[in-house]
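Here's a quick tour of a protein fold for anyone just getting started. Have a look at the sequence and the 3D view, then work through the points below.

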Amino acid sequence: MTGEFERRHGFPPGANEVRSANRDDQIAARALAQASLIPADLVTFYDSIGDVTWADVGNGYFLDPASDVLLLLQEYGVVDVGADQRVHGLVIGSNGGGLFYIAGPDGSVHRTSTASLDEPELGKVADDLRQFLELLERSLARFVADGEPGSL
């Protein structure tokens with residue numbers, strides 16, 4: 001299988017995992033929750049899941065650990081997701097191709113259309129975290145079936 005992957009994609013397979021949350025992940029998620037910027041379902045997610053790394057699915061899909069989300073919040077602040085720029089979201093991951101995923105306070109997930117967080121143009125990709133995770137799962141299934149990662 002490893003040889004087939006490398007022949008097909010031109011590089012050896014990398015790390016692909018869903019890592020269970022450890023105590024540090026849970027502490028970081030609680031710190032985000034105290035900042036009142038994180039949707040409840042994302043706090044629940046981070047209580048069990050440390051991070052998601054699917055480096056070999058297309059350009060990759062990455063859901064950052066809560067500690068990285070907290071660090072980005074401290075270093076760069078929130079990302080405006082509302083048209084009136086009064087609704088703020090958190091960067092929770094990326095697609096490996098330079099585009100970021102932003103969780104809005106209502107739980108919706110948005111993706112940047114450019115590789116910049118300075119005045120980003122966003123498109124809503126999911127109404128909530130559950131729908132977003134289902135889209136990720138479909139992207140993985142499609143990639144396994146036919147090598148195409150989808151457009152998420």
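Among the contacts in this protein with a separation of 6 or more, 47% are between residues 24 or more positions apart. Keep in mind that you're looking at a predicted model. Buried residues make up 38% of the 152 residues here.

**The overall layout**
- The protein has 5 helices and 8 strands to find your way around.
- Starting at the N terminus, you'll pass through the elements as α-β-α-α-β-β-α-β-β-β-β-β-α.

**Helix α2 with helix α3**
- Helix α3 covers residues 40-48, and its axis sits 8 Å from that of α2, at an angle of about 165°.
- Angles over 145 degrees count as roughly antiparallel, so that's the label for α2 and α3.
- The two helices cross in a left-handed way.
- On the α2 side, the contact uses Asp25, Gln26, Ala29, Arg30 and Ala33, while α3 brings Val43, Tyr46 and Asp47.
- Sort the residues of that contact by type and you get 4 nonpolar, 1 polar and 3 charged.

**Helix α2 with helix α4**
- Helix α2 (residues 23-34) also meets helix α4 (residues 66-76): their axes come within 8 Å and cross at roughly 40°.
- The pair α2 and α4 is therefore called oblique.
- From α2 come Asp25, Ala28, Ala29, Ala31 and Leu32, and they touch Ala66, Ser67, Val69, Leu70 and Leu73 of α4.
- This contact between α2 and α4 is made up of 8 nonpolar residues, 1 polar and 1 charged.

**Strand β2 and its partners**
- Strand β2 spans residues 49-54 and is mostly covered, with 6 of its 6 residues buried.
- On one pairing, β2 runs antiparallel to strand β1 (residues 16-20), and 5 bridges join them.
- Which residue in β2 is the bridge partner of serine 20? Look for isoleucine 49.
- β2 also pairs with strand β3 (residues 61-63), again in the antiparallel sense, over 3 bridges.
- In that pairing, valine 52 stands opposite leucine 63 of β3.
- β2 and β3 make a hairpin with 6 residues between them.
- Check out glycine 58 in the turn of this hairpin, where phi is positive at about 60°.

Notes:
Residues are numbered from 1 along each chain as its sequence is written. This is a predicted model: local features need pLDDT of at least 70, side-chain atom pairs count only at pLDDT 80 or more; totals for chains, interfaces and linings use all residues. Side-chain values use heavy atoms; hydrogens and water are left out. Axes are lines fitted to C-alpha atoms, for helices over the stretch in contact, and angles run from 0 to 180 degrees between N-to-C directions. Helices (H or I, at least four residues) and strands (E, at least two) are DSSP runs, numbered from the N terminus. Angles under 35 degrees count as roughly parallel, over 145 as roughly antiparallel, 65 to 115 as roughly perpendicular and the rest as oblique. Contact means heavy atoms within 4.5 Å. Ala, Val, Leu, Ile, Met, Phe, Trp, Tyr, Cys and Pro count as nonpolar, Asp, Glu, Lys and Arg as charged, and the others, Gly among them, as polar. Buried means under 20% relative accessible area, exposed over 50%, partly exposed in between (1.4 Å probe, protein chains only). Two strands pair if DSSP finds at least two bridges between them. A crossing is left-handed if the near helix is turned anticlockwise from the far one by less than a right angle, and right-handed if clockwise.
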